[in-house]
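Please read them with the coordinates open.

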Amino acid sequence: MSDFLTWINQVGLRNIIWMTDIDETLVEKAADPGALNAPTGLEDDCRDLDTLTGGRFYIITGRELPYIDQLFPQKTLKASCEYHNIMRFDKDAAPQEINPKPDWSLIDNDLQSLTARFNGMVLRIKPFMRSLHYIGADTVRNDPAVKNDVQNELEQLLDRYEASTGQPLTIIDGGKVFDMGPGGLDKGNAVKEIINICNDNALIPIYFGDSPGDLPAATIVQQLGGKFIAVGDDDRVTKSADFHFKDPQEYRDVLQQILQDNGLTSAQTPTAAPKP
């Protein structure tokens, strides 16, 4: 925590592009994937950070856009959602859809049947994606062989879908969730788009994430001279990190400290940061 704070203070927020995942990164994930609520004050903190960075605070998530607006209802935040299948980087313009929506009706019944076989497993329906959460399914979460069997069955379903439609779908390891959606896109694509929008080589990108699905974004950020901050204990992720926070609470504590270092609390609104 202290080493990251020292680095941020040295670089200065006005020189940062701040990009972050949400689930198990900035907020904890619940066994019911639809039951998540933002901790008190977090929306204000994100708003203040957006202002302090000169409007360069971005969410990059596997979640759907309506969920982000439900989580943060008071302010329209810039976000790439469903692994960059849809993005809203201009709050005054309509969201941009990157891929055509799959015809999930072709395999939804099979996905529902698979979900029903495991106590605690939840299938989340999104416009571009399906997410099979097994954080509450002990049999799948704790037995690698069972998890592998579930993944193989999902891959067979997606292969069948591609054979009938010509549209490839892929599985992304979202950390205790199988995220399924159009192939060819990942969070690294979102980072590239944001870098193009900011259009300033002097700015330093940073990205916060917790799962293997965040690694494409982390790789792009590091290639550009930025920093990847891992949250949580997944060693597939932490071994690639420049900084490490043990859990979302520590991340939020760091965010609070940064705001305090800049003379702010959640109840205060900062003046706009000067252009770098």
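1. Basis. The model is predicted: local features need pLDDT of at least 70, side-chain atom pairs count only at pLDDT 80 or more, and totals for chains, interfaces and linings use all residues. Residues are numbered from 1 along each chain as its sequence is written, and side-chain values use heavy atoms, with hydrogens and water left out. Helices (H or I, at least four residues) and strands (E, at least two) are DSSP runs, numbered from the N terminus.

2. The sheet of 4 strands. This open sheet has the order β6-β7-β9-β8, with antiparallel pairing; two strands pair if DSSP finds at least two bridges between them. At the edges stand β6 (122-125) and β8, each with a single partner strand, so one side of each lacks a neighbour in the sheet. On average, neighbouring strands of this sheet are turned by 20 degrees against each other, direction ignored.

3. Strand β9. All 6 of the 6 residues of β9 (residues 177-182) are buried, so this strand is largely enclosed by the rest of the structure; buried means under 20% relative accessible area, with a 1.4 Å probe and protein chains only. Strand β7 (residues 130-133) is joined to β9 by 4 bridges, and the two run antiparallel. Within that pairing, D179 is the bridge partner of S131, and V177 stands opposite H133.

4. The other side of β9. Strand β8 (residues 169-173) and β9 share 5 bridges and run antiparallel, with I172 opposite D179. The two strands form a hairpin with 3 residues between them, and G175 in the turn has a positive phi of about 80 degrees.

5. The sheet of 8 strands. This second open sheet has mixed pairing and the order β5-β4-β3-β2-β1-β10-β11-β12. Its edge strands, β5 (96-97) and β12 (243-245), each pair on one side only. Strand β2 (residues 57-60) and strand β3 (residues 78-81) run parallel and are joined by 3 bridges; in β3, S80 is the bridge partner of I60. Helix α1 packs on the sheet and touches β1 (16-20), β10 (204-209), β11 (227-231) and β12, its direction making about 155 degrees with that of β10. Axes are lines fitted to C-alpha atoms, for helices over the stretch in contact, and angles run from 0 to 180 degrees between N-to-C directions.

6. Helices α1 and α10. How do α1 and α10 pack? The axes of α1 (residues 2-11) and α10 (residues 248-261) are 11 Å apart, at an angle of about 35 degrees. In contact (heavy atoms within 4.5 Å) are F4, L5, I8 and N9 of α1 with V254, Q257, I258 and D261 of α10. These residues divide into 5 nonpolar, 2 polar and 1 charged.

7. Helices α7 and α8. Helix α7 (residues 187-198) packs with helix α8 (residues 215-223) at an angle of about 35 degrees, with axes 6 Å apart. From α7 the contact takes K187, G188, V191 and K192, and from α8 P216, A217, I220 and V221. The residues of this contact divide into 5 nonpolar, 1 polar and 2 charged. In these counts Ala, Val, Leu, Ile, Met, Phe, Trp, Tyr, Cys and Pro are nonpolar, Asp, Glu, Lys and Arg charged, and the others, Gly among them, polar.

Methods: Buried means under 20% relative accessible area, exposed over 50%, partly exposed in between (1.4 Å probe, protein chains only).
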